[in-house]
Amino acid sequence: MDKCEDSQLYHPSIHQSSNPTIPFLVSWTRKHLLDIESLTADEIVTVLDTARAFKAVGERSIKKVPALRGKTVINLFVEPSTRTRISFELAEQRLSADIINFTAEASSLKKGETLKDTARNLEALNADFIVIRHSASGAPHFLSRVLNSSIINAGDGAHEHPTQALLDTFTIRERKGQIRGLKVTILGDILYSRVARSDIWALTKLGAEVTLCGPSTLVPRAFEQMGCRVTHNVDEAVREADIINLLRIQHERQRKSMFPSLNEYSSLFGLNAARLANTKPNALIMHPGPINRGVEIDSAIADCDRSLILEQVTNGLAVRMAVLFLVNGGKGPQEVAAG
Ligand code: CP
C-alpha cells in the first residue's frame with residue numbers, strides 16, 4: 001500500500017471552518033510526521049506558514065499558548081541529541097503540554113526491553129504524542145503502526161530528519177524570500193545523513209536546484225535519482241550556490257573508513273576562506289549541527305555574518321511548535337494568528 005493511503009497517517013475527521021459559509025482550505029490532515037518524502041509541497045508550505053505565525057507568537061511578551069493544554073508528550077530519545085531534544089521540549093512547554101523526557105541510558109531498554117514494549121508502556125500512560133529519535137531507520141514508522149499515539153520523527157538512523165529539513169527550508173525562505181529557483185549545495189557526508197535526505201525531499205519539492213558534493217564514497221551517483229545533481233568538484237559546487245549547507249562526517253554510522261584522514265577531508269572538501277572567496281557574495285552558510293570546527297567548516301566561517309547556523313536553531317523552535325500544533329489537529333496559520 002502506498003504510504004499516503006495508510007489510514008494511520010491521517011486524522012479521521014475533516015477540518016471545517018468555524019463559519020460554515022466560508023470553506024476552510026486545509027492542506028494538513030496528518031496524525032503523524034514521519035518523513036518529508038510522503039509530504040506534498042502544499043503540506044510543507046502549511047508547516048512553514050504555521051511556523052511563521054508561531055515565530056511571531058515568540059516575539060510577544062507572553063510566549064505561551066494553550067494549544068496542547070491537557071495533552072501529554074513523551075520525548076523518546078534513544079540516540080544523543082542537543083538541539084532537537086531541547087527545541088522539542090521548549091516547543092512543548094510553549095504549547096502548554098505535559099512533558100515526559102525519556103532517557104534511554106536510565107531505562108529498561110538497557111535490560112533488554114524492546115522498543116515496541118517500551119513504547120506501549122509509554123502509551124499506557126496516555127501519551128498523546130511520542131517524539132522519537134532512534135538509530136534504526138523506520139523506527140517512527142514502526143511505532144505509528146503499533147501505537148495509537150501521534151508519532152513525530154526526530155531523526156531515524158540515516159533515513160530522515162523531517163523537522164530539520166522544515167527548519168532549514170523555513171530559514172532559507174525567510175532569508176531569500178522563496179525556495180523556487182535557488183541553487184542549494186549540500187556538501188559533506190551525504191550517504192549517512194538523514195538531514196541530507198530530508199533536505200533533498202523538501203527543497204526539490206519546493207523547486208530548488210540541489211547539488212550534492214563530497215568524496216565519491218560518501219556521495220554516490222545513485223542520489224541523482226532523488227532529483228539532484230552530484231559532483232565531486234567542491235569549487236564548482238560552491239561557486240554558483242545561493243545556499244551552502246555543510247554536513248559533518250557521521251562517524252557513528254560508518255562501518256569502515258570512507259576516506260584516508262580527517263585532514264585530507266578538510267583540505268579537499270572543507271569550507272575554508274579560499275573556497276568562500278570564490279562563492280557568490282550573498283551566498284549563505286548553513287549547518288544542522290553539531291559542527292566539527294576545522295573539519296567540514298573553518299571556525300571563523302562558522303561564526304561569520306553569512307552563517308545561519310544559530311538562526312537555524314532559533315527557527316527550529318517555531319517549526320516544532322507548528323508541527324505539534326498541526327498533528328494535534330490544528331488547522332493552519334490562520335488559527336495561530338487568531339489565538
Ligand atoms: N541537528 C540536530 O539534529 O542536532 P542534534 O543531534 O543535537 O539534535
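Among contacts between residues at least 6 apart in sequence, what share joins residues at least 24 apart? I looked this up before anything else. In the protein chain the share is 71%. I note here that the model is predicted.

**Entry: the chain**

I went through the secondary structure next. I find 12 helices and 9 strands in the protein chain. The chain has 339 residues, and 54% of them count as buried. I also looked up the accessible surface. For the protein chain, this surface comes to about 14800 Å². Carbon and sulfur atoms hold 51% of that area.

**Entry: where the ligand sits**

I turned to the ligand. Which pocket does its space correspond to? The ligand takes up the space of the largest pocket. I listed the residues around the ligand.

**Entry: polar atoms at the ligand**

I checked three of these residues atom by atom. Thr 82 uses its backbone: an N or O atom there lies 2.8 Å from a ligand oxygen atom. His 161 uses its side chain, with a polar atom 2.8 Å from an oxygen atom of the ligand. At Gly 289, I looked at the backbone again. A backbone N or O atom of Gly 289 lies 3.3 Å from a nitrogen atom of the ligand.

How much of the ligand's surface does the protein bury? Taken alone, the ligand exposes 250 Å². The protein buries 91% of that.

Methods: Residues are numbered from 1 along each chain as its sequence is written. This is a predicted model: local features need pLDDT of at least 70, side-chain atom pairs count only at pLDDT 80 or more; totals for chains, interfaces and linings use all residues. Side-chain values use heavy atoms; hydrogens and water are left out. Helices (H or I, at least four residues) and strands (E, at least two) are DSSP runs, numbered from the N terminus. Buried means under 20% relative accessible area, exposed over 50%, partly exposed in between (1.4 Å probe, protein chains only). Contact means heavy atoms within 4.5 Å. Accessible areas come from the Shrake-Rupley method with a 1.4 Å probe; for residues, only the protein chains shown count as cover. A polar contact is a pair of N or O atoms within 3.5 Å; within protein, one must be able to donate a hydrogen and the other to accept it, and residues adjacent in sequence count only if both atoms are side-chain atoms. On a 1 Å grid over the protein atoms alone, a cavity is a set of points where a 1.4 Å probe fits but cannot get out, and a pocket is an open set with protein on both sides within 12 Å along at least five of seven lines; lining residues have an atom within 4 Å of a point. A molecule sits in a cavity or pocket if more than half of its atoms lie within 2 Å of its grid points.
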